[in-house]
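Please examine the structure shown here together with its sequence. The questions below ask how its parts are arranged.

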Amino acid sequence: MSVAPVIHIGGWPGAGKKAIGQRVAERLGGRLIHNHLMLDAARALYARDTPESIAMREEVRNLILAHARRLPDDVPIVLTDALADEPAAKPLFQPTLDLARHRNAPLHLFVLDLSIDENQRRLSDPSRAGGTKLTDGDVLKTIRSREKLFTPAAAVVLDVTNLSADSAADKICRHLERPHA
């Protein structure tokens, strides 16, 4: 029996990581570990980016990944994250690498990109309101003007500007079906 893949989907806030990740996980019979599992738990108790919030996010991430390592080998794991291309991204991405290595699983990396106009349109979707997800278009514009997306060397960059979540998930699943060296 081969080991199911670990799939990492990165992208800008509002790019559709969770929606696409859910569809990929459903199609593969896998599990989705969305970055807001950690963020929302910490935000329930602490202001974002306080030492307490950062520590709690780390603890929750470690707990979730410890349980993910216990899943049967045939269960694909899809993770999402919104990381900037900065030195702090590498330690935040390392647990994904460690999970794949621990499971002896193939790791597939995808980065979702899209136009700023489409990104802002998606950010204002009412389904994002009321939680800890970014909804402020001005903040997004500032982020996108100052930062680049963290794009690991082996990542497939997928332009989702004109793709629905279903179409993007189809592209990812088709990529996973191809033989890889």
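The following questions and answers concern a predicted model.

Q: Is H34 buried or exposed?
A: H34 lies in the loop between β2 (31–33) and α2 (36–43). Residues under 20% relative accessible area count as buried. The relative accessibility of H34 is 6%, so this residue is classed as buried.

Q: Which residue does the side chain of H34 join in a polar contact of 3.4 Å?
A: Two sets of neighbours should be kept apart for H34. With neighbours within four places in sequence left aside, H34 is in contact with K18, T80 and K133. The polar contact of 3.4 Å, by comparison, joins the side chain of H34 to that of N35.

Q: How are α2 and α3 oriented to each other?
A: The axes of α2 and helix α3 (residues 51–68) are 8 Å apart, and the two helices pack at an angle of about 135°. The crossing of α2 and α3 is right-handed. The orientation of α2 and α3 is therefore oblique.

Q: How many nonpolar residues are in the contact of α2 with α3?
A: On the α2 side, the contact is made by L37, M38, L39, A41 and A42, which meet S53, M56, R57, V60, R61 and I64 of α3. Of the residues in this contact, two are charged, one is polar and the nonpolar ones number eight.

Q: How are α3 and α4 oriented to each other?
A: The axes of α3 and helix α4 (residues 89–103) come within 10 Å and cross at roughly 15°. Their crossing is right-handed. Angles under 35 degrees fall in the parallel class. The helices α3 and α4 are therefore roughly parallel.

Q: How many charged residues are in the contact of α3 with α4?
A: From α3, the residues R61, L65 and A68 take part, and from α4, L92, P95, L99 and R103. By class, this contact of α3 with α4 has five nonpolar residues and no polar ones, while the charged residues number two.

Q: What is the C-alpha to C-alpha distance between L158 and F110?
A: L158 is placed in strand β5 (residues 156–159). In sequence, L158 and F110 are 48 residues apart. In space, their C-alpha to C-alpha distance is 6.9 Å.

Q: Is L158 buried or exposed?
A: Leaving aside neighbours within four places in sequence, L158 is in contact with V111, L112, D113, L163, A168, K171 and I172. Its relative accessible area is 11%, and the cut-off for this class is under 20%. L158 is therefore buried.

Q: What is the phi of D49?
A: D49 is found in the loop between α2 and α3. With 51% relative accessibility, D49 counts as exposed. Most residues other than glycine have a negative phi. D49 is a residue other than glycine with a positive phi, near 65°.

Q: Is N104 buried or exposed?
A: N104 sits in the loop between α4 and β4 (107–113). Its phi is positive, near 55°, in a residue other than glycine. The relative accessible area of N104 is 63%, and the cut-off for the class is over 50%. N104 is therefore exposed.

Notes
Residues numbered from 1 in each chain as written. Predicted model: local features only at pLDDT ≥ 70, side-chain atom pairs only at ≥ 80, totals over all residues. Heavy atoms only, no water. Helix = DSSP H or I, 4+ residues; strand = E, 2+ residues; numbered from the N terminus. Buried < 20%, exposed > 50% of the residue type's maximum accessible area, 1.4 Å probe, protein only. Polar contact = N/O pair within 3.5 Å; in protein donor to acceptor, adjacent residues only side chain to side chain. Contact = heavy atoms within 4.5 Å. Axes fitted to C-alpha atoms, helices over the stretch in contact; angles between N-to-C directions. Parallel < 35°, antiparallel > 145°, perpendicular 65-115°, else oblique. Left-handed = near helix turned anticlockwise from the far one by under 90°. Nonpolar A, V, L, I, M, F, W, Y, C, P; charged D, E, K, R; others polar.
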